[in-house]
Amino acid sequence: MRAVVTGASSGIGRATVELLRAAGWEVFALARRADRLSELAVRTGATAVVCDVTDDASVAAAVARVTDDGPLNAVVNVAGGALGTDSVADADLDRWRRMYETNVLGTLRLTRALLPSLRESGRGDVVVLTSTAAHDTYPGGAGYVAAKHAERVIASTLRLELVGEPVRVMEIAPGMVATEEFSLVRYDGDAEKAAAVYAGVESPLVAEDVADAIVWTLTRPHHVNIDSMIIRPRAQASNTLVARREA
C-alpha cells in the first residue's frame, strides 16, 4: 500500500508517517522543511518529498514524483494550522488568508491532483485532518474555525461526488492535541502562551493518538468508510469546556 502524508515534518503528520511505515506501507512524506524530512526518511524509510501545498508548481512536482512508480492508495491531508486568536472585530485579514490557503486550498490542491491516481489504484482513500473547530466555534477562533469548516465541507462534498467509486473519503477531527508546534505557531512563538493552552489539563491528546486513529481508518476493510471521527481527550468536553487542575 502506498500513501502520501502532508505536514510530515512535525506533529501529527510525522507520527502518521511513522505508524504507516511500521504497518508496512510505502510512504511519501511531504512538507516544506527538507532537513526534518531527511531525518524522518532516514529513521523510518519513508520517501521525503519537499512540497509547499500552497504553491501550484510545488504540488505539481510532488505529484509527478509520488505517482511515478504507480498509483497511490491514500492521501492524508495533515498540513494546516492556526494563526492568532483575533476576534472577528479585530480580524487580521492576512492571517485569515494564510490559514485558508494552507488548510483549505492546500487540501483541495493536492487532493484534486491525486484523485486520478487514487481512482486508478482501485482502492483509494482521502483522509482530511480537520479539527473539532470544524464542528463548532469558540471566541477568538473564528479564522481557524472558518478554515476548518471549509476544509470539512471539501471532504463531505467529495464523498457525495465519488459515491459508487472505489475511493473512500474520511475526516478526522481532533480536539486538544499537545504537539511541539501547533500552539507555538498560533501564538507567534510565545512559549509561555503556548504552554498555557495545556496548563492543568490531565493527559491532552498527543500526536500519536491522532495518528493511530488515522491509520485505523485506513486499515478498515475497504467497504467500510469512517465518514467522520471526532477525537478528544477525556478532560475536554467541548471546544470551550476543559477540566483543569488548579496549580
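This is a predicted model: local features need pLDDT of at least 70, side-chain atom pairs count only at pLDDT 80 or more; totals for chains, interfaces and linings use all residues.
Within E4, Val 75 is the bridge partner of Val 4.

## The sheet

Seven strands form an open sheet in the order E3-E2-E1-E4-E5-E6-E7, with parallel pairing. Strand E3 (47-50) and strand E7 (228-231) are the edge strands, each pairing on one side only. On average, neighbouring strands of the sheet are turned by 15° against each other, direction ignored.

Helix H8 packs on this sheet and touches E4, strand E5 (124-129), strand E6 (167-174) and E7. The direction of H8 makes about 160° with that of E6.

## The nonpolar cores

The largest nonpolar core holds 33 residues; Ile 12, Val 17, Leu 20, Ile 172, Val 210, Ile 214 and Leu 218 touch the most other members. Helix H8 (residues 207-218) gives the most to this core, with seven residues. Another core, of 24 residues, lies apart from it and includes Phe 28, Val 75, Leu 118 and Val 167.

Leaving aside residues up to four places away in sequence, Ile 214 touches Ile 12, Thr 16, Val 76, Val 127, Leu 129 and Ile 172.

## The contact of H3 with H4

The axes of helix H3 (residues 56-66) and helix H4 (residues 93-121) come within 10 Å and cross at roughly 35°. The crossing of H3 past H4 is right-handed.

From H3, the contact is made by Asp 56, Val 59, Val 63 and Val 66, and from H4 by Arg 109, Leu 110, Ala 113 and Leu 114. Of these residues, six are nonpolar, none polar and two charged.

Terms used. Residues are numbered from 1 along each chain as its sequence is written. Side-chain values use heavy atoms; hydrogens and water are left out. Axes are lines fitted to C-alpha atoms, for helices over the stretch in contact, and angles run from 0 to 180 degrees between N-to-C directions. Helices (H or I, at least four residues) and strands (E, at least two) are DSSP runs, numbered from the N terminus. A crossing is left-handed if the near helix is turned anticlockwise from the far one by less than a right angle, and right-handed if clockwise. Contact means heavy atoms within 4.5 Å. Ala, Val, Leu, Ile, Met, Phe, Trp, Tyr, Cys and Pro count as nonpolar, Asp, Glu, Lys and Arg as charged, and the others, Gly among them, as polar. A nonpolar core is a set of buried Ala, Val, Leu, Ile, Met, Phe, Trp, Tyr and Cys residues joined through side-chain atoms within 4.5 Å. Buried means under 20% relative accessible area, exposed over 50%, partly exposed in between (1.4 Å probe, protein chains only). Two strands pair if DSSP finds at least two bridges between them.
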